[in-house]
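This report describes one protein structure, with attention to its helices, their packing and its pockets. Please keep the sequence and the model in view while reading.

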Amino acid sequence: GYEIIRGYATNTSAEFFSALIPAIIYAFYGFIKLWPAVIIFLGMLIGGYIGANIALQKGSKWVKSLFTLVILLSVIKILFF
């Protein structure tokens with residue numbers, strides 16, 4: 001019953017903690033380098049902030065259309081490349 005924007009927002013916090021805990025464990029055991037991970041995290045944080053603001057300005061219909069386009073392009077890439 002949620003709009004797509006609200007659904008993404010509620011899902012994102014769960015995904016954050018699902019990724020944070022393993023990342024800490026992997027960093028502790030030396031499986032990942034910390035600085036590249038921090039840089040990637042900051043890029044994702046900034047991109048997420050910008051994307052969220054654009055999604056709120058454009059509306060749910062725009063987000064659904066963009067999501068559909070990305071899925072279709074991904075399917076085409078998987079099938080033909």
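## Helices and the residues after them

Which residue just after α2 takes a positive phi? Glycine 59 does, with a phi of about 100°. Just after α1, glycine 30 has a positive phi of about 80°.

The model is predicted: local features need pLDDT of at least 70, side-chain atom pairs count only at pLDDT 80 or more, and totals for chains, interfaces and linings use all residues. Residues are numbered from 1 along each chain as its sequence is written, and side-chain values use heavy atoms, with hydrogens and water left out.

Helices are DSSP runs of H or I with at least four residues, numbered from the N terminus. Helix α2 spans residues 34-58; its 25 residues reach 36 Å from first to last C-alpha, close to the expected 36 Å. Helix α1 also has 25 residues and reaches 36 Å, close to the 36 Å expected. The expected span is 1.5 Å times one less than the number of residues.

## Packing of α1 against α3

The axes of α1 and α3 lie 8 Å apart, at an angle of about 70° (axes are lines fitted to C-alpha atoms over the stretch in contact; angles run from 0 to 180 degrees between N-to-C directions). α1 is therefore roughly perpendicular to α3, a term for angles of 65 to 115 degrees.

Ile4, Ile5 and Tyr8 of α1 meet Ser60, Val63, Lys64 and Phe67 of α3, where contact means heavy atoms within 4.5 Å.

## The largest pocket

The lining of the largest pocket has 34 residues, with Thr12, Glu15, Met44, Leu45 and Gly48 nearest its centre. On a 1 Å grid over the protein atoms alone, a pocket is an open set of points where a 1.4 Å probe fits, with protein on both sides within 12 Å along at least five of seven lines; lining residues have an atom within 4 Å of a point. α1 supplies the largest share of this lining, 15 residues.

Conventions
Helix = DSSP H or I, 4+ residues; strand = E, 2+ residues; numbered from the N terminus. Parallel < 35°, antiparallel > 145°, perpendicular 65-115°, else oblique.
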